[in-house]
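I opened the model today and kept notes as I went. The entries below are in the order I looked things up.

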Amino acid sequence: MNKWFYFNFILLFLAIWKVAGRNPATDMQVYIGLAGLCFFLFNWTRHAVFSTIRTAANRQTKIKLANISKKILPFHRWIGTTALIIIFIHAFYAIRLFGFNLTYPKLTSGLIVGLALLAMVITGWWRLYWPGGKVRQAHIYIGISIFFLALLHILL
Ligand code: HEM
């Protein structure tokens with residue numbers, strides 16, 4: 001399996017570990033954040049699948065993974081857009097709770113990763129109408145940045 005499968009799993013595990021035990025009645029915002037992360041990670045797993053296709057030695061494995069990837073493709077943009085909407089709701093509740101306090105690292109890191117997610121969704125839709133290598137590259141680099149920024153946001 002490609003290293004990104006493990007990285008994704010570790011990030012998900014860390015987030016569940018941080019959120020577990022929080023009271024859903026009073027700390028709904030953290031569960032909404034976790035839901036947003038799940039949507040992002042579902043889409044980001046595409047990167048792990050593509051990396052595996054490139055490196056897999058077995059032709060049958062390559063074909064199987066490419067077929068799965070093709071089936072999910074029509075939903076990819078909508079899953080990413082849903083992640084953005086969920087994170088927007090997460091941010092709304094977090095700001096309502098803590099105020100727009102930029103000295104709070106959790107909130108500042110959240111804002112940065114939220115902006116990166118917005119750029120991810122914009123480049124994702126952009127590619128539908130104006131496909132091109134540069135936008136594709138940008139989309140992937142923004143994805144990698146979101147992964148590490150989200151990790152920081154969750155660990156802080
Ligand atoms: C891709 C974007 C984002 C993801 C995946 C995400 C995910 C999460 C997760 C899983 C948590 C709970 C873990 C923990 O408390 O350590 C959390 C907490 C938090 N997030 Fe985000 N978040 C994102 C964006 C944002 C944005 C845009 C903001 C604010 C503008 C924000 C503000 C916060 C705050 C303040 C907390 C702490 C809440 C508390 O302790 O009650 N996050 N986030």
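**Ground rules.** I am reading a predicted model, where local features need pLDDT of at least 70, side-chain atom pairs count only at pLDDT 80 or more, and totals for chains, interfaces and linings use all residues. Residues are numbered from 1 along each chain as its sequence is written, and side-chain values use heavy atoms, leaving out hydrogens and water.

**Helix α3.** I looked up α3, which spans residues 59-98 and bends by about 50° at Pro74. I take helices as DSSP runs of H or I with at least four residues, numbered from the N terminus. The bend is the angle between axes fitted to the seven residues ending at a residue and the seven starting there.

I then checked the start of α3. A side-chain oxygen of Asn58 comes to within 2.7 Å of the backbone nitrogen of Gln60. After α3 comes Gly99, with a positive phi near 80°.

Next I asked which residues of α3 are buried. Among them are Leu65, Ser69, His76, Ile79, Leu84, Ile87 and His90. Buried means under 20% relative accessible area, exposed over 50%, and partly exposed in between (1.4 Å probe, protein chains only). The buried residues of α3 pack against α2 (28-55), α4 (105-129) and α5 (133-155). Contact here means heavy atoms within 4.5 Å.

Asn2 sits in the segment before α1. Its relative accessibility is 11%, so I log Asn2 as buried. The side chain of Asn2 reaches the backbone nitrogen of Trp4 at 2.8 Å. I count a polar contact as a pair of N or O atoms within 3.5 Å; within protein, one must be able to donate a hydrogen and the other to accept it, and residues adjacent in sequence count only if both atoms are side-chain atoms. Beyond four places in sequence, Asn2 touches Ala48, Ser51 and Thr52.

His47 is in helix α2. I log His47 as buried because its relative accessible area is 14%. Leaving aside neighbours within four places in sequence, His47 is in contact with Trp4 and Ile140.

**Helix α1.** Trp17 belongs to α1, residues 3-19. With 57% relative accessibility, Trp17 counts as exposed. Ile16 also lies in α1, but counts as partly exposed at 43%. I computed the C-alpha distance from Ile16 to Val30: 9.9 Å, for 14 residues of sequence separation.

**Salt bridge.** How many salt bridges does the structure hold? I found one. It joins the side chains of Asp27 and Arg22, at 2.9 Å from N to O. The criterion is a side-chain nitrogen of Lys or Arg within 4 Å of a carboxyl oxygen of Asp or Glu. Side chains of opposite charge can pair when their charged atoms come close. Asp27 is buried at 16% relative accessible area, whereas Arg22 is partly exposed at 34%.

**Lys106.** Where does Lys106 lie? I found Lys106 in helix α4. At 24% relative accessibility, Lys106 is partly exposed. Not counting residues up to four places away in sequence, Lys106 touches Lys18, His153, Ile154 and Leu156. A polar atom of the Lys106 side chain lies 3.1 Å from the backbone oxygen of Ile154. I also noted Leu152: its C-alpha is 8.9 Å from that of Lys106, 46 residues apart along the chain.

Technical notes
Helices (H or I, at least four residues) and strands (E, at least two) are DSSP runs, numbered from the N terminus.
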